[in-house]
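Trainee: I would like a close look at a single part of this model. Please take me through the contact between the two chains, and then show me what surrounds that contact.

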Amino acid sequence: MASTDARESTSGSMEAGVGGPTRADVGVRTLRGDRWWLAPLTTFVVFFGFIVYATFRAFAGKDYYSAPYLSPFYSPCLGDCVEGSSDFGQPFSWFPLSAALIILIFPLGFRMTCYYYRKAYYRAFWLSPPACAVAEPHGSYSGETRFPLIFQNMHRWFWYAAVAIGLILTFDTVISFREQTGVDASGHPTFEWGHMGLGSLLMVINVVLIWAYTLGCHSCRHIMGGRLRHFSKHPVRYKLWTWISKLNGNHARYAWLSLFSIALVDLYIWGLAAGWYDDPRFF
Amino acid sequence: MGYRLKMKLWRGDKSGGELKDYEVDVSEGEVVLDAIHRVQAEQAGDLAVRWNCKAGKCGSCSAEINGKPRLMCMCRLSDFEEDETITVTPMRTFPVVRDLVTDVTFNYEKAAELPSFSPPPRDADGKRRMAQVDVERGQEFRKCIECFLCQNVCHVVRDHEDNKPAFAGPRFFIRYAELDMHPLDTNDRRELAQGAAGIGMCNITKCCTEVCPEGIKITDNAIIPMKERVVDKKYDPLVWLGSKIGIRNKDTESRVPAKQGKAGHIKRPAH
C-alpha cells in the first residue's frame, strides 16, 4: 500500500501526469494530509481476508452440509456431494475436485465485474488511483478498453446468473425450515417442516442481503428501466427503476454486508458439519 | 472572532513555481476565497486568481485546497483548525497559466467535440412534446456549473497526459448520458461515447462524484448508465437478437449514429 511516506517519491505518473511540463510544479504526489490511505487499506485487508477464506473453503470439499443447511459456497451442489446436499442432481459427479469450484465462477464473476467492487479493488489493489487526487504509480493507463478488462462489460451476463443463484439460495433457505426426523427405507433422510434453528435465521439474513445486493445492481437498474428513453411510456418499468434506484444507492453497503453474511453462514455450517457445536433450535 | 490564518499559496507559472507562506487576518464565517482576496489586497497584488460569483454557481474558483479539489468560495475556514495551515494550489490536471489560474481550454475542446442536441421535426401544431417525468430525469445533470473539478480529479487525464485526446471526461459523460436519455434527441451517441469520448477508459473509481460541488451522482447516474448503453449496443447478443426479431421495444428507433464535432475553432489562450 502506498502511504504518506511515499509522497516525495517520483513515479511514472508523476512525470506523465501531475509532474508534467505544463502543470503547476507542486513537486509531490499529493498535498492531502488526511488519512486518505485508510479506506483502500481497509478494503485491501478485508477483501484479501475474504479471498483467503473463500479459497480455502472452496477447495476443502468437506464440511459444507449439515442437514438441513447447505453452505452458499456449495449451492447448488452439482458434483460428487454428500448425501442430502444435492437438491438439483449431480450432473458433474465425475468432477474430481471440490463441487464448489463448479459453480463459484458465477457469484465470483458477478462480484468481480460489479461496478462497486471494481471501484473498490481498482483503488485498493491496483492503486489506480489509490485515492482521489493522489497520483497513481502507473506509467500508462488504458482503463477498461483492452483485454482482459474489456470483459468487465459482461457484468450483466453474470447478473443473469446471479439471479439464478439467488433463487437457489432462497430455495435453500426455505428448505432449512425443516428438521431431519430419520431415514427412509432406501437410506435417504426424511424431514419434517415447520422447524427453525439459528442456521435458518442466518440463512434468511444472508438471502435478504444477497437479494438486496443482486437487485440493486447497476445492470439490473439499466435492464429494468434505465435503458429507456421514455419513462412516460413505460410506467411499470419506471416504477421498478425507481425502486431499484433506491437499492442501488446502497449498493456498496449491501456488497459488503452480503460478503460478510455469506462467509458467516458458511462458517456456521462448517462448524456444525465438523461437530464443533450443535444448532440451537428455536422450534 | 477573528484570527491570524497561515496559508501556503502556489505562486509561479509554467516555467516553475513554489508554495509561498502568507499570514492574513480572517473573520468568522469567511471562506478560503475571502482569505485569498485579502492576501491579494494587502500583500500580493499580483496574485492571479480566477473567481466570479462567490456563491458556488459560476464554477470559476476551482482549486486544490490541502490537496483536495474544491471551490474556494464554498470552502469554509471553519472546516479547518485555527492553527492549521491551509495550502492552495491551482488544479493540477490543466496547464498552469499563473499562480492559481489554469488553462481549461481542454474542456471547451471536449464540449465542441460533443454532438449537440438534435430534435426531430415538430408536431403538426408546431410544438414538440415530452412528458414531465422525462423532463425531470435530466434535471440532475443540468445542475452542472462546469467548475471542471471532476475533470481535474479524474486520474485518466490527471495522471496520464497522453489520454487527453481520447477522453472526454466525467463532465461530458454527463452530457452524453443526458442526451442519450432524452426522448427527443435523434442522435445515437453510444458508439461515439465508446470511441471518440473514451468512456471505456473510465474505471469508475468515483472521484468525480466525490468532488462534485453540486452533488451530481456522476458515476451512478451518468457514466455507468452510459456504459450500460454501450453494452446494449456492442456486447449483449440478447439485445442484438431481440432487436433483429423485433421484440425489443422501439425506444431507440429513429436515431442515427452521431458524428464527432470539431474543436478546431476553440482558441487556446496565449501564455
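Mentor: What follows goes from the chain interface to its salt bridges, and then into each chain.

This is a predicted model. Start with how many residues meet. On one side, 60 residues of chain A are in contact with 64 residues of chain B. The size of an interface is often given as the accessible area lost when the parts come together. Here chain A and chain B bury about 5,200 Å² between them. Carbon and sulfur atoms account for 49% of that area. Which residues of chain A lose the most area to chain B? They are A:Arg23, A:Tyr141 and A:Arg229, and together they make up 18% of what the chain A side buries. Keep A:Arg23 in mind.

Now the polar side of the interface. Between chain A and chain B there are 40 residue pairs in polar contact. Which elements of chain A supply at least two residues each to the side that touches chain B? The answer is helix 1 (12-16), helix 5 (115-124), helix 6 (155-175), helix 8 (218-226) and helix 9 (235-249). Helix 8 of chain A gives the largest share, six residues. By class, the side of chain A that touches chain B holds 22 nonpolar, 23 polar and 15 charged residues.

Charged residues bring us to salt bridges. Side chains of opposite charge can pair when their charged atoms come close. Over all chains, the count is 37 salt bridges. Across the interface of chain A and chain B there are eight. One salt bridge joins the side chains of B:Glu161 and A:Arg23, at 2.7 Å from N to O. Where do the two partners sit? B:Glu161 is in the loop between helix 5 (155-158) and helix 6 (170-180) of chain B. A:Arg23 is in the loop between helix 1 and helix 2 (38-60) of chain A. B:Glu161 is at 31%, so B:Glu161 counts as partly exposed.

Compare two salt bridges inside chain B. In one, B:Arg11 pairs with B:Asp46, with the closest N and O atoms 3.0 Å apart. B:Arg11 lies in strand 1 (residues 3-13) of chain B, and B:Asp46 lies in the loop between helix 1 (32-42) and strand 3 of chain B, so the pair ties together parts that are 35 residues apart in sequence. B:Arg11 counts as buried, at 10% relative accessibility. B:Asp46 is partly exposed, at 46%.

In the other, the side chains of B:Arg175 and B:Glu178 meet at 3.2 Å, N to O. Both residues are in helix 6 of chain B. They are three residues apart, so about one helical turn separates them. B:Arg175 is partly exposed, at 24% relative accessible area. B:Glu178 is buried, at 9%. Salt bridges can also share partners. Such bridges join A:Arg156, A:Arg227, B:Glu228, B:Asp232 and B:Asp236 into one network.

Next, look inside chain B. Chain B is divided into domain 1 (3-101) and domain 2 (104-257). The C-alpha centres of the two domains lie 33 Å apart. The area buried between the domains is about 1,300 Å², with 57% of it from carbon and sulfur atoms. B:Pro69, B:Thr93 and B:Phe94 supply 47% of the area that domain 1 buries against domain 2, more than any other three residues.

Two salt bridges cross between these domains. The side chains of B:Arg158 and B:Glu64 also meet in a salt bridge, at 2.8 Å from N to O. Seven residue pairs are in polar contact between the domains.

Finally, step back to chain A. Chain A has ten helices and four strands. Of its 283 residues, 50% count as buried. Its C-alpha atoms fill a box of roughly 85 × 50 × 40 Å, taken along the principal axes.

Definitions and conventions:
Residues numbered from 1 in each chain as written. Chains lettered and ligands numbered in written order. Predicted model: local features only at pLDDT ≥ 70, side-chain atom pairs only at ≥ 80, totals over all residues. Heavy atoms only, no water. Domains from an automatic or database assignment. Buried area = accessible area lost by both parts, 1.4 Å probe. Salt bridge = Lys/Arg side-chain N within 4 Å of Asp/Glu carboxyl O. Polar contact = N/O pair within 3.5 Å; in protein donor to acceptor, adjacent residues only side chain to side chain. Contact = heavy atoms within 4.5 Å. Nonpolar A, V, L, I, M, F, W, Y, C, P; charged D, E, K, R; others polar. Buried < 20%, exposed > 50% of the residue type's maximum accessible area, 1.4 Å probe, protein only.
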